[in-house]
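I opened the notebook to keep track of what I looked up, one entry at a time. Follow along with the viewer open if you like.

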Amino acid sequence: MTRSTFSRRHFLATTAAMGGVAATGSLIPTRARAANLTVGFIYVGPKDDFGYNQAHAEGAAAVKEMEGVTVVEEENVPETNDVQNTMESMINFDGAGLLFPTSFGYFDPHVLEVAPKYPEVRFEHAAGLWTEGMPTNVGSYFGYIGMGQYLNGIVAGHMTQSKKIGFVAAKPIPQVLLNINSFLLGARAVDPEITCQVIFTGEWSLAVKEAEATNALCDQGCDVITCHVDGPKVVMETAAGRGSYICGYHANQSPLAPEMYLTGAEWNWAGVYPQMVQTMLDGGTIDNFIRGGLADGFIKMSPLGPAVTDAARAQFEETKAEIEKGGFSVIKGPLKDNKGNVIAAEGEEFLETDIALESMDYLVEGVIGSTN
Amino acid sequence: MSTDIGMWGVPLAILGGAIRVSTPFLFVSIGECLTERSGRINLGLEGTLVFGAMSGYAIAFETGSPWAGVLAAALAGAVFGLFHGWICKFKGVNDVAIGIALMLLGMGLAFFFGKPYIQPVAPDLPAIPLGWWSDIPQVQAALQVNALFIIGAALAVAMAWMFRSTKIGLTIRVVGDSTDAARAIGLNPNTVRLLSTAAGGALAGVGGAYLSLYYPGSWNEGVSSGQGLMAVALVIFARWNPIYCFWAALLFGGAGALGPALQSVGVTSGYYLFFAAPYVLTLALLIFTSSPDKAMDGAPGELSLNK
């Protein structure tokens with residue numbers, strides 16, 4: 001008889017009852033959400049990495065200042081099932097009503113799988129590409145940071161002596177490729193002879209490989225170096241240590257090597273996130289697809305470093321003003337990729353807002369490297 | 001500022017990479033070699049390496065002296081080693097399982113205490129410019145040799161000599177090969193193993209300090225990315241011989257530089273394949289040097305691998 005107390009049936013009944021209690025309990029935070037919003041931020045690395053995660057964490061810090069908002073954060077969440085668990089626990093235990101899973105690889109399949117289960121929760125993903133047919137409680141936002149790399153390239157084009165600039169890249173995904181292409185095209189706007197050597201490390205954060213890649217670029221004579229990895233600290237310090245100029249990315253890295261730092265393309269999430277949260281607080285709906293550039297305050301440039309020449313400064317400021325006016329294209333004809341295929345015919349151009357740029361799979365002529 | 005060296009960049013990068021990247025492998029593997037020669041396996045050295053990287057960076061930043069950081073990393077590593085050695089003396093405790101537990105503990109503690117040190121910039125360990133004879137900046141850069149690399153190489157030679165020709169070496173070897181024989185001649189195997197594990201941990205800690213204080217030269221949570229685990233495996237590959245550990249570490253460092261170097265000279269396709277070079281090379285060497293009779297040649301008799 002004693003055994004029967006622990007029978008499977010009993011166990012199921014008990015857990016079902018507990019589930020019922022839990023379900024009732026979850027109604028309370030749902031109602032509380034209307035007045036008080038809990039916002040969850042999920043990062044793939046540490047949030048003070050001088051890079052991608054720090055940029056988002058600065059946005060989270062700005063949200064934290066807002067009235068009636070609680071912020072929960074979790075760092076070092078891999079782009080695996082772990083992020084699904086993190087999102088579910090933020091929703092079920094912290095009562096989050098708005099989530100920012102910030103890493104690229106969180107979107108497909110993880111956000112897309114979790115979102116339909118929680119229709120009352122809003123998911124906002126950086127860099128993802130929301131399209132019709134995806135859950136409507138999911139949104140994707142991003143900034144046209146390629147323009148920032150174009151401006152980096154202009155300064156790099158003025159500063160390079162060897163006419164070779166270098167790029168340490170993580171993975172050949174569209175955003176990274178657009179950054180590489182923009183960096184070179186910016187430099188070529190100064191001098192069409194310039195080439196850009198790219199090295200892919202294969203991972204978002206791999207300190208030793210990033211250092212090796214930077215050294216290899218310096219060995220080949222690249223004297224201005226930028227990157228697109230999660231934490232640019234290693235690349236910046238190694239390149240500056242080898243006597244190369246550096247252009248920042250994600251956040252301002254000038255404290256690491258003030259003399260060698262030229263400028264940098266930074267995210268400005270602190271200007272964007274509070275607006276999105278305010279929309280939620282006011283009971284509105286955030287658009288499913290949000291993009292913005294320099295003019296919209298989604299991205300900003302680091303202050304120019306002391307080494308930047310007057311000529312570089314002038315062209316930088318002039319181009320920046322032109323981009324902020326709108327209607328500026330980096331990818332415009334005549335343009336070929338580095339395998340000789342035509343990307344844009346004479347007169348054809350892709351505006352920064354062109355959705356075609358978000359599926360970029362080529363490196364333009366002048367970039368030494370390969371996408372596979 | 002630089003000379004065009006074209007394809008010469010590849011051998012040069014392999015040489016430079018071997019010197020730059022090998023040091024943590026070298027320290028961890030000779031440390032593990034010492035521990036395993038005494039009859040225990042400490043799989044936790046990945047955790048010790050990461051904790052050493054963190055503590056070395058933190059102390060170097062607080063004191064302004066990178067060498068104080070190296071010392072702190074060695075002490076921290078020794079504490080981890082002592083802990084492993086102490087727990088393993090109890091009956092029925094499995095050294096492999098404890099090692100894995102300590103690896104997770106070391107990484108967890110390092111992440112926890114290391115949070116405030118991700119941003120600050122600590123002073124780097126100095127390097128010795130052995131490339132002064134060359135006019136080519138790339139050669140000079142490749143031959144910037146860190147003092148720790150030289151110390152590590154010297155330690156490998158010293159350890160090989162110690163095992164072969166000194167009383168301490170003999171004591172460690174006896175304990176490692178037969179607990180019963182060691183007891184019969186009046187040695188206390190637990191004490192010998194405790195000290196060997198502590199010394200091995202200290203060496204792994206120094207390897208960690210090299211990572212955060214010289215190359216790549218900053219503390220972050222991904223600084224090791226499994227190098228400690230690979231180094232433990234290198235010991236088996238190096239047949240428990242410190243000199244072979246040195247060559248294995250060099251090989252691993254050099255092969256790791258191959259991927260970026262080939263991309264930099266324009267060999268751009270299939271770079272994922274080149275990134276696997278160190279592992280492919282290890283596999284190939286293991287296959288070519290393997291033989292069914294000598295599979296465990298050089299392995300200490302008391303190692304739990306052997307039982």
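**Entry 1: ground rules.** I call a residue buried under 20% relative accessible area, exposed over 50% and partly exposed in between, with a 1.4 Å probe and protein chains only. Helices (H or I, at least four residues) and strands (E, at least two) are DSSP runs that I number from the N terminus. This is a predicted model, where local features need pLDDT of at least 70 and side-chain atom pairs count only at pLDDT 80 or more, while totals for chains, interfaces and linings use all residues. Residues are numbered from 1 along each chain as its sequence is written, chains are lettered from A and ligands numbered from 1 in the order in which they are written, and side-chain values use heavy atoms, with hydrogens and water left out.

**Entry 2: chain B overall.** I found 13 helices and 2 strands in chain B. Its radius of gyration is 20 Å, close to the 19 Å from the globule rule for 307 residues, so chain B is as compact as a globular protein of that length. For the record, that radius is taken over C-alpha atoms, and the rule is 2.2 Å times the number of residues to the power 0.38. Along the principal axes, the C-alpha atoms of chain B fill a box of roughly 65 × 50 × 35 Å. I noted that 56% of the 307 residues of chain B count as buried.

Next I turned to contacts (heavy atoms within 4.5 Å). Of those in chain B between residues at least 6 apart in sequence, 76% join residues at least 24 apart.

**Entry 3: the UniProt record.** The unreviewed UniProt entry lists several spans of chain B as "transmembrane region", including residues 12-31 and 43-61. I keep in mind that such annotations may be inferred rather than shown by experiment; the positions are given in the numbering used here, and feature names are shortened. Residues 12-31 of chain B are 100% helix and 0% strand, with end C-alpha atoms 29 Å apart.

**Entry 4: helix 10 of chain B.** Which residues are buried in helix 10 (residues 227-237) of chain B? I got B:Q227, B:G228, B:A231, B:V232, B:L234, B:V235 and B:F237. The cover over the buried residues of this helix includes helix 8 (207-219) of chain A, along with helices of chain B, among them helix 1 (9-37) and helix 9 (189-213).

Entry 5: Most residues other than glycine have a negative phi, and most peptide bonds are trans. Just after helix 10 of chain B, B:R239 takes a positive phi of about 50°. B:R239 is partly exposed, at 26% relative accessibility. B:W240 also sits in the loop between helix 10 and helix 11 of chain B, and its phi is positive too, near 55°. B:W240 counts as buried, at 0% relative accessibility.

Then I checked peptide bonds. B:Y215 and B:P216 are joined by a cis bond with omega about 5°, and B:P216 lies in the loop between helix 9 and helix 10 of chain B. In chain A, the bond from A:D108 to A:P109 is cis, with omega near 10°; A:P109 is placed in helix 5 (residues 107-114).

**Entry 6: one pair in chain A.** A:E58 is in helix 3 (residues 52-64) of chain A and is partly exposed, with 37% relative accessible area. Its C-alpha atom is separated by 9.6 Å from that of A:G271, 213 residues apart along the chain.
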